[in-house]
Amino acid sequence: MSQSKELMDWTYEQKCKKAVAALEKNGFTAIYCQSGKDVHDYIVKEAADAANIGFGGSMSVAELEVADQLRDQGKEILNHGQPGLSMEEKVATMRRQLTCDLFLTGTNALTLSGILVNIDASGNRVGSMFFGPKKVIVVAGRNKLVDGDIDAAVKRIKDWASPPNARRLNYNTPCSKTGFCSDCNSPDRICRITTVIDRKPRLTDVRVLVVNEDLGL
């Protein structure tokens, strides 16, 4: 490992641990993870008593490659992004995610003060983050950390998450072509619902895994 990478990893470790401490202060169960493998192993362990598991469409979670292992263990996988589903089937799956045993998702931004900030198009992902599922695991790669307030978190999302996500999903938005947010009014606009979770929801078991690796967008 080069010295520069070692120093960068150390710097991010301090930031990740600061976010974990802030999340705990805000009532969340928060865990520092050194690598994606640590997150993978944690999810498999926590899924032991779950009959069905919802996947919120997170690239961070997809990169962990945990779905096949959970399916092989007999878990019902609720993934509305599964190829071949009709729109009616996708919506039905989204609704079932709202009451699943375990919901897995990422977050668009995590402030160092322990606040989760997200922007959705339909609201199924963010809705499942704070009420309904028996347990929620939020995966936050170090690239999602924001050293600032909620406005800085929203800026991070619109600068670095929304344009590539719109392009990934083949939406016809200005940002999917230019790479820059223009606060559009396109019918395909994906920035429609902004949520701020600044304390642990009272009725939902939310675990936040802060990872010293870049995951997702």
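Buried means under 20% relative accessible area, exposed means over 50%, and partly exposed lies in between, with a 1.4 Å probe and protein chains only. This is a predicted model: local features need pLDDT of at least 70, side-chain atom pairs count only at pLDDT 80 or more, and totals for chains, interfaces and linings use all residues. Residues are numbered from 1 along each chain as its sequence is written, and side-chain values use heavy atoms, with hydrogens and water left out.

**Stop 1: glutamine 97**

Select Gln97. It sits in helix α5, residues 87-97. Helices (H or I, at least four residues) and strands (E, at least two) are DSSP runs, numbered from the N terminus. Glutamine 97 counts as buried because its relative accessibility is 0%. Now show polar contacts, which are pairs of N or O atoms within 3.5 Å; within protein, one must be able to donate a hydrogen and the other to accept it, and residues adjacent in sequence count only if both atoms are side-chain atoms. The glutamine 97 side chain reaches the backbone oxygen of leucine 78 at 3.1 Å. Next, show its contacts (heavy atoms within 4.5 Å). Leaving aside neighbours within four places in sequence, glutamine 97 is in contact with residues including Gly54, Phe55, His80, Phe103 and Pro133.

**Stop 2: the cores**

Select Leu110, Val208 and Val210. Of the 22 residues in the largest nonpolar core, these touch the most other members. A nonpolar core is a set of buried Ala, Val, Leu, Ile, Met, Phe, Trp, Tyr and Cys residues joined through side-chain atoms within 4.5 Å. Colour α1 (3-25), α6, β7 (135-141) and β10 (205-211): these elements give two or more residues to this core. The largest share, four residues, comes from α1. Apart from this core lies another, of 21 residues, with Ile43, Ala47, Val66 and Leu104 among them.

Go back to leucine 110 and list its contacts. Not counting residues up to four places away in sequence, leucine 110 touches Ala19, Leu23, Ile115, Leu116, Ala140, Lys144, Leu145, Val146 and Val210.

**Stop 3: valine 206**

Select Val206, in strand β10. Valine 206 is buried, because its relative accessible area is 2%. Which residues does valine 206 touch, not counting those up to four places away in sequence? They are Phe28, Thr29, Met129, Val136, Val138, Lys200 and Pro201.

**Stop 4: salt bridges**

Side chains of opposite charge can pair when their charged atoms come close. A salt bridge here is a side-chain nitrogen of Lys or Arg within 4 Å of a carboxyl oxygen of Asp or Glu. How many does a search of the whole structure find? It finds 14 salt bridges.

Take three of them in turn.

- Asp9 and Lys5: the side chains meet at 2.8 Å, N to O. Both lie in helix α1, four residues apart, about one turn of the helix. Aspartate 9 counts as buried because its relative accessibility is 13%, and lysine 5 counts as partly exposed because its value is 45%.
- Asp68 and Arg71: the side chains meet at 2.9 Å, N to O. Both lie in helix α4 (residues 67-72), three residues apart, about one turn of the helix. Aspartate 68 is exposed at 52% relative accessibility; arginine 71 is partly exposed at 41%.
- Arg207 and Asp205: the side chains meet at 2.8 Å, N to O. Arginine 207 is buried, with a relative accessible area of 14%, and aspartate 205 is partly exposed, with 25%.

Then select Lys5, Asp9, Arg142 and Asp214 together. A network of salt bridges links them.

**Stop 5**

Phenylalanine 130 lies in helix α6, residues 124-130. Phenylalanine 130 counts as partly exposed because its relative accessibility is 33%.

Move to Asn170, in the loop between α7 (150-168) and α8 (174-178). Asparagine 170 has a positive phi of about 60° although it is not a glycine. Asparagine 170 is exposed, with a relative accessible area of 69%.

Finish at Asp183, in the loop between α8 and β9 (193-197). Aspartate 183 also is not a glycine, and its phi is positive, near 50°. Aspartate 183 is exposed because its relative accessible area is 53%.
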